[in-house]
Amino acid sequence: MLRTITPIILVATALGLFFGYVRPSYEGIQKLRVEEAQYDEALTQSRELQDLRDSLLSRYNTFSQNDLNRLEKLLPDNVDNVRLILDIDSIASKYNMRTRNVTVSGAGSEATNIIAAGAGATDSVVLSFSVAARYDDFIRFLKDLESSLRIVDVVGLSFKSDEGDAYTFGVSLRTYWLK
């Protein structure tokens, strides 16, 4: 009798150990292996990003300070209305023009996707002013604005005739900066 009951007890104990301890532990180990693979993949991507960052940083460090300053002027990382007005006024002063009635209207977030593909990478502001000048001087002023480093779009232009060959030009410019 003991000969037949002992194997049954051992088999039942083995099945109990298998379903009670080994199988749940094995399933837990399988879940941990999946998590380990995900962490390894994340770690690999992190290393790739660090390599890319190091590569871009080394490329950035090859730029001269003069080039970095020119890039900063091309697309600044903040809007400095006073600096912008002074820059435009200095261009205008080359042709004996003075900027007057300067107004700055708010950020134009609708134009953010015009320059950059990434949503929200840039923002813009519209600067309006008037200048009194002869037509030829005003054309040279606009050409200087066109060739300046700062990105500006002329979004509005009006004029009225003054005495002699002078005109009063109303100009609206949109300029951009990185957010």
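Me: Is F159 buried or exposed?
Reply: The model is a predicted one, and the relative accessible area computed for F159 is 58%. Because the cut-off for an exposed residue is over 50%, F159 counts as exposed.

Me: F159 and F169 form an aromatic pair; which parts of the structure does the pair tie together?
Reply: The two rings lie 6.3 Å apart, centre to centre, with 40° between their planes, and the pair is tilted. Since F169 lies in strand 4 and F159 in strand 3 (residues 152-161), the pair ties together parts that are 10 residues apart in sequence, namely strand 3 and strand 4.

Me: Which residues form one aromatic cluster?
Reply: The structure holds eight aromatic pairs, and the pair of F159 and F169 is tilted. Both of these residues belong to one aromatic cluster, whose members are F129, F138, F141, F159, Y167 and F169.

Me: How far does helix 3 reach from its first C-alpha to its last?
Reply: Helix 3 covers residues 81-93 and has 13 residues. At 1.5 Å a residue, the expected span is 18 Å, and the computed reach is close to that, at 18 Å.

Me: Which residues of helix 3 are buried, and what covers them?
Reply: Those that fall under 20% relative accessible area are L84, D87, I88, D89, I91 and A92. The elements that cover them include helix 2 (65-74), strand 2 (122-134), helix 5 (135-147) and strand 4 (166-178).

Key: Residues are numbered from 1 along each chain as its sequence is written. This is a predicted model: local features need pLDDT of at least 70, side-chain atom pairs count only at pLDDT 80 or more; totals for chains, interfaces and linings use all residues. Side-chain values use heavy atoms; hydrogens and water are left out. Helices (H or I, at least four residues) and strands (E, at least two) are DSSP runs, numbered from the N terminus. The expected span of a helix is 1.5 Å times one less than its number of residues. Buried means under 20% relative accessible area, exposed over 50%, partly exposed in between (1.4 Å probe, protein chains only). Contact means heavy atoms within 4.5 Å. Rings of Phe, Tyr and Trp (its six-membered ring) pair if their centres lie within 6.5 Å; planes under 30 degrees apart count as stacked, over 60 as edge-to-face and the rest as tilted.
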